Amino acid sequence: MREWTKGLVKKITLEVIYEIVDERTRDIYQKLEKIESRQEEDFRYMNQKIDSQIGQVRQEIGQLRQEIGQLRQEIKEEVGQLRQELNRINQRLDTIMQVLMDIVRK
């Protein structure tokens, strides 16, 4: 009888231990699922944030390209005006030189 009681107590003790282990394991799995879920949400948020910032950077790059294009156009216009001025000055110098040559010949 004693052996039987001892076996029964042992069996009940093991069953209680298994129940506790199972319950604790379930708790751990639930916590892990929550952590994984939170990680996924964080990764999604970070990806959205990165995509948003990349979009802003691309937009700024586009604006800078436009501004550079405008500056190039302005520089071309200024250079063109300077060339016209130089041509006018050269023509005047040619005229002055021609007049001086005529004066020297006379």
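1. Arg 88 and Glu 85 form a salt bridge, their closest N and O atoms being 2.5 Å apart; the term denotes a side-chain nitrogen of Lys or Arg within 4 Å of a carboxyl oxygen of Asp or Glu. The two residues are three apart in helix H1, which means a separation of about one helical turn. Arg 88 is partly exposed at 38% relative accessibility, and Glu 85 is partly exposed at 41% (buried is under 20% relative accessible area, exposed over 50%, partly exposed in between, with a 1.4 Å probe and protein chains only).

2. This is a predicted model, in which local features need pLDDT of at least 70, side-chain atom pairs count only at pLDDT 80 or more, and totals for chains, interfaces and linings use all residues. Residues are numbered from 1 along each chain as its sequence is written, and side-chain values use heavy atoms, leaving out hydrogens and water.

3. The structure holds two salt bridges. One of them joins the side chains of Glu 40 and Arg 44, at 3.5 Å from N to O. Glu 40 is partly exposed at 45% relative accessibility, as is Arg 44 at 49%.

4. The secondary structure comes to one helix and zero strands (DSSP runs, H or I of at least four residues for helices and E of at least two for strands, numbered from the N terminus). The C-alpha atoms fill a box of roughly 155 × 20 × 5 Å along the principal axes.

5. Buried residues make up 0% of the 106 residues in the chain. Lys 34, which lies in helix H1 (residues 2-105), counts as exposed at 56% relative accessibility.
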